[in-house]
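Colleague: I am new to this structure and would like to be taken through it. Could we look at it together?

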Amino acid sequence: MAKPKLLIIWHSRTGASEAMARAAYDGAMKAIQNHEPNKAEVEVEILAAENVVPANILSATAYIFVCPENLSSMSGMMKEMFDRCYYPVLGQAEGRAYATMIAAGSDGEGAERQIDRIATGWRLRRVTDSLIVNLQAQSPEQILAPKALSITQFNKCSDTGNAMAEGIALGIF
Ligand SMILES: Cc1cc2nc3c(=O)[nH]c(=O)nc-3n(C[C@H](O)[C@H](O)[C@H](O)COP(=O)(O)O)c2cc1C
């Protein structure tokens, strides 16, 4: 039988969301490295949004969606992934767990709200608090510059990945 799987889907323009997704992957791998007999074995997969097909989503037990907020919305490539996958997945992922991690310059709530609405359509279950990482990029120069996470920001994303993988291993999700 296939192992239950955590799927991390990301899109990033200047590196922050990619780093957040990789931090979540890192945290998830830490949760599953020392497998204990009372826990299920868990697989962790990380995919760029442009490479995601409906079968990837259908094969997972839980999801972390990671992208920047662009012009008060989720980034276009993330939206394109949902547009392509929405109807093929509709009605087949009900009750599965999800988390979001949004990279923002100042806000991030618009992107989070949009993903929450799509997730509601799929009848997914949000199982973590909102995680918006504010990179404080507001001038055009700051916005276009490559981004790196602080240790605190990295740890928050890593903790989310860890909690999601742990929840799957314990059969909570
Ligand atoms: C075209 C564009 C529009 C943006 N619009 C917003 C916005 O509406 N709200 C916000 O908080 N940040 C906005 N930002 C800033 C990004 O969300 C922020 O720099 C984020 O860290 C980028 O993540 P990334 O490095 O994964 O691309 C915008 C950035 C770009 C390039």
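This is a predicted model: local features need pLDDT of at least 70, side-chain atom pairs count only at pLDDT 80 or more; totals for chains, interfaces and linings use all residues.

Colleague: Where is the kink in H3 centred?

Modeller: The kink is centred on Asp83 and amounts to about 25°.

Colleague: Which residues of H3 are buried, and what covers them?

Modeller: Met78, Met81, Phe82 and Cys85 are buried in H3. Their cover includes E1, H2, E3, E4 and H4.

Colleague: And what follows H3?

Modeller: Gly91 follows, with a positive phi near 85°.

Colleague: Let us step back. How many helices and strands are there in the protein?

Modeller: The protein has 6 helices and 7 strands. Starting from the N terminus, the elements run β-α-β-α-β-β-α-β-α-β-β-α-α.

Colleague: What box do the C-alpha atoms fill, and what percentage of the residues count as buried?

Modeller: Along the principal axes, the C-alpha atoms fill a box of roughly 50 × 35 × 25 Å. Of the 173 residues, 45% count as buried. As for contacts between residues at least 6 apart in sequence, 86% of them join residues at least 24 apart.

Colleague: Now the ligand. Which residues come nearest?

Modeller: There are 21 residues around the ligand, and Arg13, Ala16, Ser17, Pro68 and Gly105 come nearest. By class, the shell has 8 nonpolar, 9 polar and 4 charged residues.

Colleague: Which element gives the most to that shell?

Modeller: Strand E3 gives the most, with 3 residues. Helix H1 (16-33), strand E3 (62-70) and strand E5 (97-104) each supply at least two.

Colleague: Which residues of H6 are buried, and what covers them?

Modeller: The buried residues of H6 include Gln153, Cys157, Met164 and Ile168. Among the elements covering the buried residues of H6 are strand E1 (5-10), strand E2 (43-48) and strand E7 (132-134), as well as H1, E3 and E5. Just after H6, Gly171 takes a positive phi of about 75°.

Colleague: Which residues other than glycine have a positive phi?

Modeller: Leu71 is one of them, with phi near 50°, and Arg123 is another, with phi near 65°. Most residues other than glycine have a negative phi.

Colleague: Where do Leu71 and Arg123 lie?

Modeller: Leu71 lies in the loop between E3 and strand E4 (73-74). Arg123 is in the loop between helix H4 (109-121) and strand E6 (125-126).

Colleague: Are they buried or exposed?

Modeller: Leu71 is exposed, because 8 other C-beta atoms lie within 10 Å. Arg123 has 13 C-beta neighbours inside 10 Å and therefore counts as partly exposed.

Colleague: What about Ala60: buried or exposed?

Modeller: Ala60 counts as buried, because it has 23 C-beta neighbours inside 10 Å. Ala60 is found in the loop between H2 and E3. Leaving aside neighbours within four places in sequence, Ala60 is in contact with Lys5, Leu6 and Leu7.

Colleague: How far is the C-alpha atom of Ala60 from that of Ala97?

Modeller: The separation is 9.8 Å, with the two residues 37 apart along the chain. In another pair, the C-alpha atoms of Pro140 and Ala93 are separated by 39 Å, and those residues are 47 apart along the chain.

Colleague: Where is Pro140 found, and is it buried or exposed?

Modeller: Pro140 is found in helix H5, residues 140-144. Pro140 is exposed, since 8 other C-beta atoms lie within 10 Å.

Terms used:
Residues are numbered from 1 along each chain as its sequence is written. A residue is near a molecule or strand if its C-beta atom, placed from the backbone, lies within 6 Å of it. Helices (H or I, at least four residues) and strands (E, at least two) are DSSP runs, numbered from the N terminus. Ala, Val, Leu, Ile, Met, Phe, Trp, Tyr, Cys and Pro count as nonpolar, Asp, Glu, Lys and Arg as charged, and the others, Gly among them, as polar. A residue is buried if 20 or more other C-beta atoms lie within 10 Å of its own, exposed if 12 or fewer, and partly exposed in between; C-beta atoms are placed from the backbone. Two residues are in contact if their C-beta atoms, placed from the backbone, lie within 7 Å. The bend at a residue is the angle between axes fitted to the seven residues ending there and the seven starting there.
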